[in-house]
Protein chains: 2
Amino acid sequence: MKILSSVDIGEKNVEALKKRYSFIEFYMYKDIVEAGDHLRDAEVFVTFGFDTTADIIQKMKNLKWLQCMSTGIDMLPFETLKERNILLTNVTGIHGIPIAEYVMAVILNNRIDAFRFYEQQKNKIWNRTVKFEEIYGKTITILGTGSIGKEIARKAKAFDMKTIGVNTSGKSVDYFDEVLPIGELNKALAKGDYIVDTLPLTDQTRKVFGKEQFESMKSSAYFINIGRGATVDEKALIDALQNNMIRGATLDVFEKEPLPEDNPLWTMDNVYITPHISGLSNMYMNRAVPIFEHNLKTYIEGKDDYINKIDLNKKY
Amino acid sequence: MKILSSVDIGEKNVEALKKRYSFIEFYMYKDIVEAGDHLRDAEVFVTFGFDTTADIIQKMKNLKWLQCMSTGIDMLPFETLKERNILLTNVTGIHGIPIAEYVMAVILNNRIDAFRFYEQQKNKIWNRTVKFEEIYGKTITILGTGSIGKEIARKAKAFDMKTIGVNTSGKSVDYFDEVLPIGELNKALAKGDYIVDTLPLTDQTRKVFGKEQFESMKSSAYFINIGRGATVDEKALIDALQNNMIRGATLDVFEKEPLPEDNPLWTMDNVYITPHISGLSNMYMNRAVPIFEHNLKTYIEGKDDYINKIDLNKKY
C-alpha cells in the first residue's frame with residue numbers, strides 16, 4: 001500500500017508514521033511537483049486540496065482515498081471524485097482556535113485604532129486624541145455556529161460582548177446569547193456591531209452576502225470574512241465600503257486568490273487585507289495529523305468511523 | 001459651597017449634578033487655564049491630576065477635597081496636600097475593561113503579525129509565509145493583581161493562556177492560575193511569554209523592572225507596560241531590546257511624557273508605542289462620574305465611606 005503526500009506534515013510526524021506503519025510505503029513530499037512520479041501508484045493521497053485537479057485525479061489510477069489536510073474543499077473536482085467513488089475526508093474542526101485568535105485580533109485592532117498609532121510612531125507624533133469605543137457591550141453577529149463560530153463566540157463573551165449566531169435551523173449553541181435561522185439573516189445582521197462570516201462555500205452559501213445584506217447592517221458595522229470569498233458578492237461589498245454603508249472590513253479570503261492587483265479592495269482606507277492566513281498556526285499539524293492517522297487506522301482496518309467523511313453530493 | 005473642575009465630565013453629567021445639588025455652585029471647565037479665576041474660592045477640586053501643582057494647591061485657600069478623575073496620582077504634590085490635610089480620592093477600578101481590551105489587542109496584534117500585513121497591503125503583496133505562534137497555551141505574567149491585572153487575566157483565560165500574577169503577598173486572586181509574591185518576581189518573569197506591567201508608581205514600585213529583571217525573561221518574551229513609565233528602568237529596557245534579550249515591547253507609558261523626540265524607543269523595530277491612551281474610552285466618564293458623585297454625597301453628609309480615599313503617606 002502506497003501513500004502519497006503533497007503536504008509537508010513535519011519530519012517528526014513522518015518518522016512516527018513510518019515507524020508505526022512499517023508495512024506502508026510513504027512518499028512524503030512538500031508539493032505536487034515533487035510528488036509527480038508517484039501519482040499512478042498511490043492508493044491514498046494527502047493534500048491541501050488546491051493542487052488536486054480533475055487531471056491529477058485521472059492520473060492517480062489506484063487512488064481510493066483522498067485525505068484533505070484543510071477544511072475548505074470547494075476547489076476539489078467533485079464530479080471526478082464521484083465517478084471514481086473516491087473516499088474523501090478533511091480536517092474540519094481544527095481551525096477554531098487560530099481563527100478565533102485572528103478574529104479577536106482584528107476586532108481589537110480596530111477598537112484601539114492600532115494602525116493609526118503605528119503611523120504616528122513612524123513620525124514621532126504624540127497625539128492622544130482618540131475616539132475609542134470599547135467592545136464591552138457591543139454585539140457580534142457570527143454566520144456559522146460550527147467549531148470556528150463557537151470559539152469566536154466563547155472568546156467574545158470574555159469581553160462581555162453580546163453574541164448572535166446564524167445557522168441553518170436556528171438551534172441554540174453554547175456561547176451564543178441568541179441564534180437565528182438563516183431565514184432571519186438580515187435581522188441578525190441589523191443587530192451586529194461586528195459581523196463575522198465563517199461560512200464554508202457550498203451551493204447554499206454562495207453569495208449569501210449581497211447588496212441587501214450590506215444594506216441591512218448598521219452604518220457603523222465592521223465586517224470580517226474568514227470563511228470563503230465566494231460567500232460574498234464582492235461587488236456589493238466594495239460598493240458598501242465605498243459608500244460608507246458600513247464602517248470597514250477585514251478580509252482574509254476573496255473571490256479570486258491571490259487577490260488580483262487591480263482589485264480596488266487593496267487600496268481602500270477602510271479595508272484591512274490579509275492573504276488567507278487566519279487558519280495558519282504552529283499548532284496546525286499537531287491537530288491535523290492525528291485526524292489523518294485516525295482515518296488511516298480506520299482505512300487499514302476496513303471500518304467506517306472516519307473523522308470528517310465528506311458526502312460527495314452535499315459537499316460537506 | 002463651590003466645586004471647581006478642570007475636567008470635561010460631559011454636559012449631561014454636569015446638568016444632572018446641577019439639578020440634583022442645586023445648593024452647590026458648580027464651576028465646570030475643560031482645563032486649568034479656564035478654571036483659573038475660581039481657584040481661591042473652591043472647596044472641592046475635580047481634576048485629572050497633571051495640572052495640580054503645589055503652586056495651584058497653595059492658591060486654593062479654601063480647598064478641602066481633591067477628587068482625582070484618574071487612577072495615577074504619583075504626580076500630585078503630596079507634601080503640600082499633607083500640610084493642608086486635604087482629602088484625596090481617585091477613580092481606581094474603572095480602567096480594568098479598557099486597559100484589558102488594549103492589552104489583549106497588542107498581544108493578538110503581535111500574534112498575527114498585524115503590521116507586517118498592513119505593510120504588505122500597501123504594496124499589494126500576497127505573501128502567505130508566516131511564523132505564527134498561537135497564544136493558546138502560552139503563559140502571561142502580570143505584575144499587579146488589582147482591577148486591571150485581574151481583568152487582563154480573565155480575558156487571557158478565554159484564550160487558554162496560563163496566567164501568573166505577582167502581588168505584594170502572593171495571595172491568590174480570581175482568574176490567576178498562580179500568584180507569586182514580589183520577592184519571587186524574577187521567577188515569575190522567567191515563566192512568561194507575555195509580561196504585563198500594570199503597576200502604579202509608588203516608592204516601592206519605582207524601577208521594579210531593571211537589568212536583572214530583563215535578564216530573567218525568556219529571549220522570546222514580549223513586554224507590555226500600561227502601568228507607569230517610572231516603574232521601569234528605561235535604560236535597562238532599551239538595552240534589553242537592542243540586545244535581543246527580549247523579543248519586543250509595547251509601551252503606553254514612559255519615564256517622560258510626551259516621549260522626547262530623541263528617545264531611541266521611537267525608532268526601534270521591535271517596539272510599538274502608543275501615547276498613554278490604554279485607559280481612554282467612551283465609557284470613561286460613565287464610570288468615573290458615579291464615583292465622584294458617591295464621594296460628593298458622602299462629603300455633604302459628613303460621612304466617611306468614600307470610594308478610593310487615598311492615604312497621603314502610603315500614596316495609595
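Q: What makes residues of chain B and chain A count as being in contact, and how many are there?
A: Two residues are in contact if their C-beta atoms, placed from the backbone, lie within 7 Å. In this predicted model, 42 residues of chain B are in contact with 42 residues of chain A. Helices H5 (96–112), H6 (114–122) and H7 (147–158) of chain B each supply at least two residues of that side; helices are DSSP runs of H or I with at least four residues, strands are runs of E with at least two, and both are numbered from the N terminus. H5(B) gives the largest share, 10 residues.

The model and its numbering are as follows. Because the model is predicted, local features need pLDDT of at least 70 and side-chain atom pairs count only at pLDDT 80 or more, while totals for chains, interfaces and linings use all residues. Residues are numbered from 1 along each chain as its sequence is written, with chains lettered from A and ligands numbered from 1 in the order in which they are written.

Q: How do you know that the copies meet through the same surface?
A: Of the interface residues of chain B, 100% are also interface residues in chain A, so the surface is the same.

Q: Why are the two copies said to be related as by a two-fold rotation axis?
A: Superposition is by least squares on the C-alpha atoms of residues with pLDDT of at least 70 in both. A rotation of 180° with 0.0 Å of shift along its axis superposes chain B on chain A, with RMSD 0.1 Å. The copies are thus related as by a two-fold rotation axis.
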